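User: I have a model open and want to talk through how it packs. Can you start with how you define things?

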Amino acid sequence: MSSCAFCGSRDKKITREHVFPKAIGLSMDDSHADKWVERSPKRFVGGEIVIKDVCEDCNSGPLSELDAYAKEIYDSYLYQKVNQDDQITFSYYFDQLSRWLLKICFNSARVNNADTTILSEFIPYILNGEEVENEFLIYVHLIRPKEFSTEEIRAFDLDVSEKKEYPEGWRLSQFRLQGFHEISFVQRFVFINSFCFSVLAFPKNISNESLDKIKIKFEEEYEHSICLNESDGKVTIKTGQIDAFDAFFPHMNMNPEFYSDEYLGDFHNLVHKYDTGLIVIVIERKEVEAGDISRISSMFSNIFISKKTILRCKQSIDLIFDGYDDDERGLFLIPEARKFVQDLHSEFPYWFYILNPELPFFKILPYMLYEIEHVEDVVKISDDNLSLFIQEGFDKLNEFCYNNCLSEETIYEISMEIDKSINGG
Ligand SMILES: [Zn+2]
């Protein structure tokens with residue numbers, strides 16, 4: 001029998017737990033997209049995301065008590081339609097609210113195996129309100145309705161009666177504060193109608209200095225957000241600059257294929273042609289000789305076109321140089337090939353994320369990027385340069401994953417493969 005994600009028990013009956021409590025009766029936010037794009041999202045499942053790794057005792061005990069509290073604040077506050085410049089006086093029990101928010105973040109994290117490591121450290125707090133070493137912050141702000149301008153009504157071909165669009169339903173999404181890629185911490189928004197709760201949850205070992213910097217950055221970026229105090233209380237929440245469209249936009253931007261059948265480019269089609277397997281990019285000799293990286297570099301920039309493309313490219317690319325088969329020199333001894341790779345590197349240094357580390361291009365990459373020396377007929381690079389290659393590679397991997405909302409778990413998985421390739425482990 002599998003074990004319960006919360007209490008770890010192996011001998012209890014496992015039941016289904018809804019990521020978002022069914023009792024609230026709110027479907028996942030799928031009502032909006034078709035107001036802004038012609039076709040409605042194709043892959044949303046309305047509010048029915050369930051996980052099957054919670055035991056009966058946890059589910060019907062502490063977790064359902066938290067859901068009951070959520071229902072209470074839903075019925076008192078969260079159901080409301082909020083207009084611009086509205087203010088809401090919001091009373092809350094800090095522990096119950098934050099335990100509930102952390103619970104739904106942990107539930108959704110397990111669906112995608114993202115942030116489960118940090119969030120699982122909060123289990124004693126979520127289940128029983130026991131103190132844990134990890135710090136966390138909860139903010140709340142209101143999303144104002146989107147008011148469409150005449151141009152937008154024309155551009156989106158809207159019914160004129162729909163001049164104003166309120167945020168509706170619930171949605172969980174990751175966000176990223178810029179500049180913190182060296183720290184793994186949870187950054188999630190929980191949208192419920194016009195309310196947006198921000199959950200920041202930190203690993204045990206985070207320094208006070210980093211915590212302060214993150215707090216300052218968040219409050220700068222979301223200046224209308226109110227930090228909820230650890231004592232129960234009452235706060236006045238206001239709307240800020242973010243409207244229903246802005247709140248939805250990052251999801252649309254990262255998942256364009258959910259919203260539109262529009263042509264997303266050759267690279268997108270190439271990577272989605274086969275769901276798995278290697279993507280081989282062939283570089284022509286004439287491009288190398290002309291020093292023209294534009295075609296390859298535009299392919300690389302297309303990786304960012306959607307989350308799906310990003311995930312598809314994870315350690316699954318190999319680069320092949322065509323037209324050099326008869327050349328006796330190794331590729332890393334051909335000056336124009338070296339220059340070509342170095343130029344690509346200065347535009348796109350995220351090799352550890354995209355390359356399959358077991359394949360030839362990854363193996364020769366340090367020799368292409370760094371100075372090589374000949375030791376008794378063998379071509380080598382210095383240990384110092386190899387360390388630099390590894391250090392930069394991992395730093396760029398962290399940056400790439402952080403900026404694209406890929407979790408600590410993904411970075412770990414990739415790092416193990418890189419380590420195996422470099423150290424033969
Ligand atoms: Zn349990």
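Analyst: Axes are lines fitted to C-alpha atoms, for helices over the stretch in contact, and angles run from 0 to 180 degrees between N-to-C directions. This is a predicted model, where local features need pLDDT of at least 70, side-chain atom pairs count only at pLDDT 80 or more, and totals for chains, interfaces and linings use all residues. Residues are numbered from 1 along each chain as its sequence is written.

User: How do the axes of α3 and α4 cross?

Analyst: The axes of helix α3 (residues 62-78) and α4 come within 9 Å, with a crossing angle of roughly 110°. Helices here are DSSP runs of H or I with at least four residues, strands are runs of E with at least two, and both are numbered from the N terminus.

User: What does that make α3 and α4 to each other?

Analyst: They are therefore roughly perpendicular. Angles of 65 to 115 degrees count as that, under 35 as roughly parallel, over 145 as roughly antiparallel and the rest as oblique.

User: Which residues meet there?

Analyst: From α3, Leu63, Leu66, Tyr69, Ala70 and Ile73 meet Gln96, Leu97, Arg99, Trp100 and Lys103 of α4. That contact between α3 and α4 has 7 nonpolar, 1 polar and 2 charged residues. Nonpolar covers Ala, Val, Leu, Ile, Met, Phe, Trp, Tyr, Cys and Pro; charged covers Asp, Glu, Lys and Arg; the others, Gly among them, are polar.

User: Lys71 next. Where is it?

Analyst: Lys71 lies in helix α3.

User: What does Lys71 contact beyond four places in sequence?

Analyst: Lys71 is in contact with Pro21, Ala23 and Ile24. Contact means C-beta atoms, placed from the backbone, within 7 Å. Lys71 and Pro21 are 50 residues apart along the chain, and their C-alpha atoms are separated by 8.5 Å.

User: Why does Lys71 count as partly exposed?

Analyst: Because Lys71 has 15 C-beta neighbours inside 10 Å. Buried needs 20 or more other C-beta atoms within 10 Å, exposed means 12 or fewer, and partly exposed is in between, with C-beta atoms placed from the backbone.

User: Changing topic: which residues touch the most other members in the largest nonpolar core?

Analyst: Of its 57 residues, those are Leu101, Leu102, Cys105, Leu119, Val190, Val199 and Ala201. Helix α4 (residues 94-112) gives the most to this core, 8 residues. A nonpolar core is a set of buried Ala, Val, Leu, Ile, Met, Phe, Trp, Tyr and Cys residues joined through C-beta atoms within 7 Å.

User: And how many residues are in the second core?

Analyst: The second, separate core has 33 residues, including Ile293 and Phe361.

Technical notes:
Contact = placed C-beta atoms within 7 Å.
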